[in-house]
Every structure is written in structure tokens, then in C-alpha cells.
Amino acid sequence: MERSMLGHAGYLTTIPQNALNSMIDVVKGIEPEMGYGAILQVSEIEAAMRESRIRKTKTVCTYCGVGCSFDLWTEESATERRILKVEPAEGPANGISTCIKGKFGWEYVNSPDRLTSPLIREGDRFRKATWDEALTLIAEKFTSIKNTYGPDALSFISSSKCTNEESYLMQKLARAVIGTNNMDNCSRYCQSPATVGLFRTVGYGGDAGSISDIEQAGLVLIVGSNTAESHPVLATRVKRAHKLRGQKLIVADIREHEMARRADVFFRPNPGTDLIWLSAITRYIFDNGLANTAFLTQWVNHIDEYRQSLEHFTLAMASERCGVAVETLEKVARMIAEADGVCVLWAMGVTQHSMGSDTSTAISNLLLATGNYMRSGAGAYPLRGHNNVQGASDHGAMPNFLPGYQSVDDPDIRSRFERAWGVALPAATGLDNHQMIDAIHEGKLRAMYLFGEEMSLVDSNANFVSSALAKLDFFVVQDIFFSDTCRYADVILPASPSLEKEGTFTSTERRMQRLYQVFQPLGESRPDWRIIQDVANRLGANWNYRHPSEIYTEIAALTPLMAGVTYERLAGYKTLQWPVAADGSDQPLLYTKNFHFPDGKARFYPVPWSEPTDQTNQEFDLHLNNGRLLEHFHEGNMTYRTEGIRAKTPCTFVEVSPALAVERGITTGSLVQLTSRYGQVKVQAVVTDRVEGKQLYMPMNSTEEAVNRLTSRHTDTATHTPAYKETSVSMRVLEPHGESPLPRTNSRFGKPTPQRGVEVERKWQRADYRMPGNPLIQIQPAKES
Ligand code: SF4
């Protein structure tokens, strides 16, 4: 039984400790004669009796895009609500697995810091307000700004942590009520380039198959993804297949993370050069007769044009620019060409570059050249970061697409939505997140409504973003805590987290899942979909959704990609992987009969290489990499509120290589100041060989010393996703000695013991081992003397 259940679940756990100790002694005493059988029966009876005292509710994790689902065991009274246990069992993505965040990261829902009533700014302070006051003020301000400056002076940002239904309503509010396409979500910060790479080459912006395909692949290539920390449960599928089934693993990364240490081949390309080596090995595969010509002939367009574009990408050139030996590249090319199914996994190490879309395209080109689409155990797998990055974009929280990636500039599509919504819709593509910040500084954008995103810290060049938010005439922030972004708000609306509402999420494998309400909303907080509806109705919309299922009925009717999605088809642990036809059939494997283009064929898409931005020079002589951490979700607004997680990883840090540490006189615990062209932070060092030479790594888990104070305004050319991974800094030692920022109990100090599994049979084979559950024996009464 888990500690969180002790004293709250079952009948035996409330027994005083001294009585319990005596009972344990009795059990130990009789066990040699009785065996475990009878004792376990008592346990079974107790477990059955406790069922009536515990409520079990299925939910879906909100900490990453893997989409783990599980039952939450809870106990609720008039004065207290308690999470007893997270029990994974039937989740299609995770089975019985979760990571530390999914298992333990839920204490924040009961935090005393939760926002429980609306707040309105008065000078430099906020005062509590009623919902009526807050909604009236929002309606007045939005109307006045729209009347004065036009609808495009307002902007809307949806949350990739919130539900599909909530993103749908937010974009409907922007388009149908206000009349603007200034609408985006945080996939702009991470995954938009991967989507573009897939749109260009295979047609759909989603993973080619399921997590089970990744497990089945003959070879997995991981590029720019710290999968073991950012998508932990998905990583276990690769670890298992690699360890037990002989799956080959190749990792390309500038940092030697856990998956790199497990890999058959690990190499470190110079930062920002992935496009070069990917293109070079594709050329090598063509030149050496290793391409899948039968597949290419039947399924791929633009072959000649693409091969010509590879002219400059020789292995020699790639070796020189990427800093990887020719022999390594040749070996990688041959392993990929010869493997029985290749899945490529990539994440922000690829996408958060000025060539993020082009490098994603190069990955898909390589998969086409080797025929690694249209079969199980193969394909492209951009790993979505937030739990609902995929779903927020799928449901229209984008400046150029209505739900289901239907273009705003297509008159037929627009008129279908106009008939359904009863209004005229704007046709011009709106501003994305990045453009919104520039437009505020230019005085063109006057108001913003944002929910569930910590924009002032997670957008790149945070100082520039914060100064923009401070300039807004009117800013509405909807969140569960008083976030850093709230500091710039005029009205703050208290929202409910996932455990206090219903809806659907879509995970990285396009898998749609329902979450059910565990608790009532705390205080006066409300589910985001209700608040968005309240705002819309104050603006005259007259919406009347009583439950998220009613919102989904409307989505399905307007969105061919989701035509057959219903709440009944998603009941309990049932799931659907889009596209979902009207009869409810879905597509776990995305391309079976054709690619998503009019002629059904995929397209090679040539991509050139250009120099990364924000390069090192004499002054800013170190490359700063940055990203996620196993224990925390982003800046840590939720996970720092779980005591056990905070104890393991109490603050952020910067990883420094052993060589650089010697050169600069740094030890683990040293306090250093990092300065970039855009800002500075003070942070403690951890000396580790995970990083090499003059490369640093800083996780994003800090609100005080946020890494985005250092990152730039440079972006991916196609999507405006910030080039977070192209950052140069200088480092000054402030205090050479100090306590380690990571306690010794942190898993990074552990030494894994490789073994094939639990290997319980080794215990059974011991001479002194007695199998439990021996038949009950009759205890004979003592004979009277
Ligand atoms: S792997 Fe991702 S979805 Fe699964 S429990 Fe961990 S954070 Fe949640």
C-alpha cells in the first residue's frame, strides 16, 4: 500500500502503530506454520472492503505528449479532498507505467496558492472581484478596443495543456465573436516546424503510427530528443525493445543523455548541423544503390529534383561541418538502409532552430528514400511536448487554420463554418505568438486573452516578451495560479485544472482520450470551457454548451478529420487515433492506402542549409543548450508544489563539462553568471560529462532564473518557432564553491545496474527460498498435560 493511502484507505491502515506492530509480530510468528495463503486472504478481504470507501476516476496525464492514462483513487469530504493513489492499468499508451510526474505530481490541485476568485488590477495591486464584475469589464474593454482599433487589435492564445474542446471554443471566440484570426497556441514554441516538415512531404502533421510501431521497429533513430526525460514512458518502450528484442538504436545529440548512453551508435554533431548529416546520408543511400526504388517509383514524386538538391551534401562535407567521422556517417547510413523498419524520433533539439522546419523535412525525406512509411514499425515521430500540443493545433488554435487544418483563406471551408456559426469570418491569416509580441511593441495589437500558458517565461527572449505584455491596453490571463505572466494582467480569471473538468486530449500518437472529473472546481474557479463561454456570452454570443460532449458534437460535424469522434466512442479507456471516419473507424497507422495529397503520392522536398543564428564569438564564447528535465514540467508552476519532487530537484542548474570546469575553476555548486546578447541569469553549476567542451545545458525549471532571459528573437524561417537552441553566452564565476544544486538522492548520481528484467526466478532458485501460498495447515490445539 502506498504511503499516501495510509490512514485514509482501508480498515487496517487506521490501526494505531503499536497495535499494528503487534499484529505484524503475530503474523511473523504464525507464518512458518500457516504459510502466506491465509494471510493473503485477509489482505484480499480488506482490499475488497476498502472499495466502498474509495472513488476511482479515469484521467489523462497533463505533463507530456505520451498520453498516459490511469485511475485516480480519491477520498473527498466536506472539508478535505485527498489523492490516495495513481493506478495505471489499462492505458493504451502506458499500460501499467507512469513516470515520476504522472505518479506523484498532483498535489498542486490542492495547493493553498490556487486562484479561487477573479482578480482585477487596481494600480499596482489586484483586488478580489466577482465573476460578474470581471466578465463585465472584459466585455466592455474588448468591445471598446474592437470598436476603436478593429478586431485585429485583439489576440487570443490557447493552452496546449487544456482540452480540445477548450481550444475549439477559444478559436471560435476569436473568429466568430471578435472577428480575428490572431489565434495561436504553444506549439508555436516547439512543434510547428515538425508539422511543416510532414505537411511538405507526406501530407498530415501527425505521427506516422503509434508508440507500438516504435517498439516494433528494427531500428530507432533519435535526433535532438532527450526522450528518457522528456517522454519517459515512451522511452521505456525503446529501452525494452533495444534490450530484449535486439532493436538497434542510433542517437544524434550534442548531449550524452541516457538514451545516448544506451545507443549502439551515438554521435555529437556540431550544434545546428543536423540537416547536413541527414541530407548527406540520404545522398549516400541513393549513390550506393541502397534506396528503396520500388517504393520510390510507386509512392514518391520529385525524385530527380531532390537528388539534384543533394549535390553538395557529400559525407566529406558533412564530416567537416558536423564534426562527425565519415566512417560513423557511413555506418549510420548503412544501418538505416538495411534495417527492417526505421522510426525516427525527434523533438526540440531539431525544431527549436532557425532551420527547424527544414531539418524536420530532411528527416522525412530520409524516411521516404528508404521506404520507411506505409508499414508498421516505421515512420516519422515528432514527439509532442505538452499533453495536448497536437490537439490544440488539430482544433483550430492556429492563425491560418480552422479546426482540422482547414485553411481560413478557403472560401468554401469558411462558408461552411459561417453557416454553422451564423457570422461572417475573417479570411486573412492572423498573427502567431511571435508576431503578436512584435505587434504589441509596434502599437498595432492592444489586447490579449491568454489561458493556461506561462508566456512571460517560456517564450524566447523573455525580457522582450515581458516588456511587450506590460504595454498591452488590456490583458486577460486565465490560470490556476498567480503565474509570472499574471503580473502583467488587468483581469485574472481562476481556472480549474484537468482533475476538475471533463474533455478530451490528443497525445503525440494522434490518440484522443477522455478525461473525467475527479473533484469539484476549487472555490470559485471554473473549467476553462465554461469561462470562455461566459466571456463569449457577455459579448453577445448566446452559446449554450452544458457539457464538453456537446462542444465535440459541433466539432465533429464541421471537421472531416474528426467526423466520427463521439464521447461514447471514447468512453472509459477507449481511444481513437485520427483521422476518424464518420463510421468511427480510425487509423493507428496513418498511411496505409495513400499519402495525404491529391494524387496520393508523397513528395520529396529539397531543403538547403544555412548558418545557425546567434553564433559564438570572442565575447559570447559558449553554446547554451536548454530543455526539459525528468522531474519538472516546464518552469515548475505545478511540479514544484509536490514536496517529494521538489526535494529531489529543488532548483535549476547549468551543466558544465569537466574540461571547461577545469579551465574556469568551476566545481559542482559554483555560482556563475551567464550573459547572452539578450539578458543574464545567475545559476549554480553541475559538472558532468553529459555535456562536452564549450557547450552548456540549462533546464527550464525556474521562474526566478529562467533560461529564456538568455534566448533570442531569432526564429525558424517557416514557422516563427524561436531558435531557443541557438544561444551563445559568456560565463563569469561569482562564487567558486557552494553546495550542489542537486541533492545526493537525485537519480543523476545513481549507477544503473543493467539486467534483463526483474529476474525474480533468481530468487526462486535460492536454496533457502520457500514459495508463498502453501496450503493452509490445521494448527493442532496444545495437548493438556
Ligand atoms: S510519460 Fe508523460 S504522460 Fe506519461 S506519466 Fe510521464 S509525464 Fe505523464
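1. Strands are DSSP runs of E with at least two residues and helices are runs of H or I with at least four residues, both numbered from the N terminus. By this numbering, β23 gives the largest share of the lining of the largest cavity, namely four residues. Both β23 (622-627) and α16 (348-351) supply at least two residues of that lining.

2. The model is predicted: local features need pLDDT of at least 70 and side-chain atom pairs pLDDT 80 or more, whereas totals for chains, interfaces and linings use all residues. Residues are numbered from 1 along each chain as its sequence is written, and side-chain values use heavy atoms, without hydrogens and water.

3. A cavity is a set of points, on a 1 Å grid over the protein atoms alone, where a 1.4 Å probe fits but cannot get out; lining residues have an atom within 4 Å of a point. Grid points are joined across faces, edges and corners, and a volume is the space filled by probe spheres set on the points. Nine cavities of 30 Å³ or more are counted.

4. The largest cavity holds about 380 Å³. It is lined by 28 residues, with G224, M348, G349, N625 and K725 the closest to its centre. Domain 3 (192-382) and domain 4 (622-748), with bounds from an automatic or database assignment, each provide at least three lining residues.

5. The second largest cavity has a volume of about 270 Å³. Among its 21 lining residues, K161, G452, D479, I480 and M638 are the closest to its centre. This cavity lies between domain 2 (119-159 + 398-577) and domain 4 (622-748), because both give residues to its lining.

Note on methods:
On a 1 Å grid over the protein atoms alone, a cavity is a set of points where a 1.4 Å probe fits but cannot get out, and a pocket is an open set with protein on both sides within 12 Å along at least five of seven lines; lining residues have an atom within 4 Å of a point.
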